[in-house]
Amino acid sequence: MTGHDYVTEADRALEETYEEPMSLAAYVDRLFENPQIASHASKYLLEAIEAAGTRTVVEEGEEKERYRFFDDPYNDGEHAILGNTEVLNGFVDDLRSIAAGRAKDEKIIWFEGPTATGKSELKRCLVNGLREYSKTPEGRRYTVEWNISTAEGGERGLSYGDDGGTSAADEQNWYESPVQAHPLSVFPDAVREDLLAELNDELDDHVPIQVDAALDPFSREAYDFLEERYRRRGEDDLFSAITDEDHLRVKNYVVDVGQGVGVLHSEDDGRPKERLVGSWMHGMLQELDSRGRKNPQAFSYDGVLSQGNGVLTIVEDAAQHADLLQKLLNVPDEQSVKLDKGIGMDVDSQMLIISNPDLEAQLNQHSDRNGMDPLKALKRRLDKHRFGYLTNLSLETELIRRELTNETAVWEAGSYDELADRIRAPVRVTIKDRDGETRVQEFAPHAIEAAALYAVVTRLDEETLPNGLDLVDKALIYDQGYLQEGDSRREKEEFDFDDDGNDGDHGIPVTYTRDTLAELLQTDRDRHHADLPVEDVVMPRDVLNAMVEGLVDAPVFSTGERSEFENRVVPVKNYVYDQQESDVIEAIMYDKRVDEETVAEYVEHVYAWETEEPLYNDRGERVEPDPLKMKLFEIEHLGRFSESEYDGNQPRESVRNFRREKVITSLNRHAWEHRDEDFSVEDVDLTAIPVIKTVLESHDWDDVERTFEDFDPRQWSDPPSDTQTAAVKEDTIETMVDLFGYSAASAELTSRHVMGQVSYRWD
């Protein structure tokens, strides 16, 4: 596209966002067409969240419905909040109660948690989501603007001391409410109540619209001025004259920080009143004709409540503003705040504070005084939602990749196998050396997985482990929802996990992992092998060793934490090695895998053998289950049985039990899960049967030895030419590169590492 095309595209985007100002009557007519544009703050925030829809996720081994709003969908996921779905769902539930005026409307929502748990992302996600939602027809947000210069006999303008013109068309004389006043606040109370009653009767929603606020002081100044002028004239239709299009217009605005969203940052200072609503500009008071009183036109309205009026008020790093929190005590239930003793302002804003655990320590400093605790009233009004560290391997992997690369898309997958591929995948980063030259640095497959798994393992409560499991098992159950143990698949419900454990309360934060990996990228390290390709490779063991070694000097960890975390790395190393070993074996055996047709034929024969369901050949002729085919498959491909476990071709008890318990049971489970469909064996996903999944997807060293009789892992690093080992290695490296995501260098290093471990126990 040309430059002109891009400008035209931008014009079109803004045209869709903004509307021409309208009269108050036209706004009311539009309300009855689309009532939700009048929603009060908490209801509007709720609608923005719900408008983005939901999706199903697995966290801590359980399926949960997650609001897509928190995936930052309008911003391509850049500030998505990973995990903590249950906490966010609790927030939405409370928001729904607040919006409906049920019980919690006096509460201040509080998000608390240790550093690097997504609290800052929550703020950005809320701002992004509300901004983009307000650009949609359903999410339009409106306020009022005033022009008093057109009033007959009007000798002054409305702005801060400026002289106004006399034309309604002169845009410099229109002044928007500085606190996003709701258009319905212009109406007298009784009329507004009737209007809302009629509107809510037509509203198909369990949360009625509530607009209780009076006009803000700035708008009231304009209203009173116009009322006085037209009353003196003896105007019969006084309200119509005041709200005539020459004086009052309703306009839409895009919600953003400073306009509908107020954010008080940790570094913001000033007296409590300044931080809350703003400050008086004393020089302006001298210029305005105020007759000895404070004129609201001379107020800055730059406090957090002023900016957030209409939608959302956020106090970031609330421990830095603990003095302010007590000033907020009565704001949620009274919905008002004062500019000073004589001038008050109604506020409609959902209040939300964010803090690290240090705020809780401040709030509890007088807890030993029991009923005399001076902070008790404040604590009663805080509705706490606690963010914890991620305890899902896939989410932590996704987060680390985000920290290292520019990837922002939120991971969504149809099955866990898709997630597993992303978890194990390599990361390649282009970096610039000190001499200005660029090079590609690779985190080998399983390297990011290793870092993520180790971080998750440090966050899990060891005291709640069921017998027979280690922390890696627990991490896998939390991520998958089940644990695969050979042919058996055990669901999370089968394990006795203590729901009151401390999972996610402490552990290695992602910032430590990110910094460790970034340092590995920039460190000039000796090459593992001089004969490798030019890419520098960071292996999983490099990552884990660096993370453990760095614990000693990291000030974020206590002595006890360092010792605890060091002791947890061994099972992670063992697991990651098992994954690397599996990759190498599968690459070696890739061309020797059993095809799905052979497996399907075996399953069909077993099903017919047990259930007496008919089997038909390609010509539609009925055939009997073939005991020889089943026997050969079980001996040669499953590798589970020998000739001694058959009488001729007929299976003995151990084989019969295997067929019933491992194959038929899985088929019956599949049939039950698909009971509303026409079930047939042909429709079964064979990988849904654990024992069959094993046949299709995994092998062991016995398979390698049986298939390649002259193979010798001790020769792997430099195999003699024209040997079976050399041929196997060449095919294996090629498969790892082409199909498993390895580079030539990482495939070489990984396979050498695995063969080094295998060679000394090779028979």
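Asp201 is found in helix H6, which covers residues 189-202, a helix being a DSSP run of H or I with at least four residues, numbered from the N terminus. The model is predicted, so local features need pLDDT of at least 70 and side-chain atom pairs count only at pLDDT 80 or more, while totals for chains, interfaces and linings use all residues. Residues are numbered from 1 along each chain as its sequence is written, and side-chain values use heavy atoms, with hydrogens and water left out.

Asp201 is exposed, because its relative accessible area is 68% (exposed means over 50%, buried under 20% and partly exposed in between, with a 1.4 Å probe and protein chains only). A patch of negative charge on the surface brings together Glu193, Asp194, Glu198, Asp201, Glu202 and Asp212; such a patch joins like charges within 9 Å, from residues with over 30% relative accessible area and no salt bridge (a side-chain nitrogen of Lys or Arg within 4 Å of a carboxyl oxygen of Asp or Glu).

## Aromatic pairs

The whole structure holds 18 aromatic pairs, where ring centres of Phe, Tyr or Trp (its six-membered ring) lie within 6.5 Å, and planes under 30 degrees apart count as stacked, over 60 as edge-to-face and the rest as tilted. Trp280 and Phe299 form an edge-to-face pair, because their ring centres are 4.9 Å apart and their planes stand at 75 degrees. Trp280 lies in the loop between helices H9 and H10, and Phe299 in the loop between H10 and H11, 19 residues apart. Trp280 is buried at 12% relative accessibility, and Phe299 is buried at 1%.

Technical notes
Patches are made of residues with over 30% relative accessible area and no salt bridge: like charges are joined within 9 Å, nonpolar side chains (Val, Leu, Ile, Met, Phe, Trp, Tyr) within 5 Å. Accessible areas come from the Shrake-Rupley method with a 1.4 Å probe; for residues, only the protein chains shown count as cover. Lys and Arg count as positive and Asp and Glu as negative; His and the chain ends are not counted. The place of a charge is taken as NZ of Lys, CZ of Arg, CG of Asp or CD of Glu. Helices (H or I, at least four residues) and strands (E, at least two) are DSSP runs, numbered from the N terminus.
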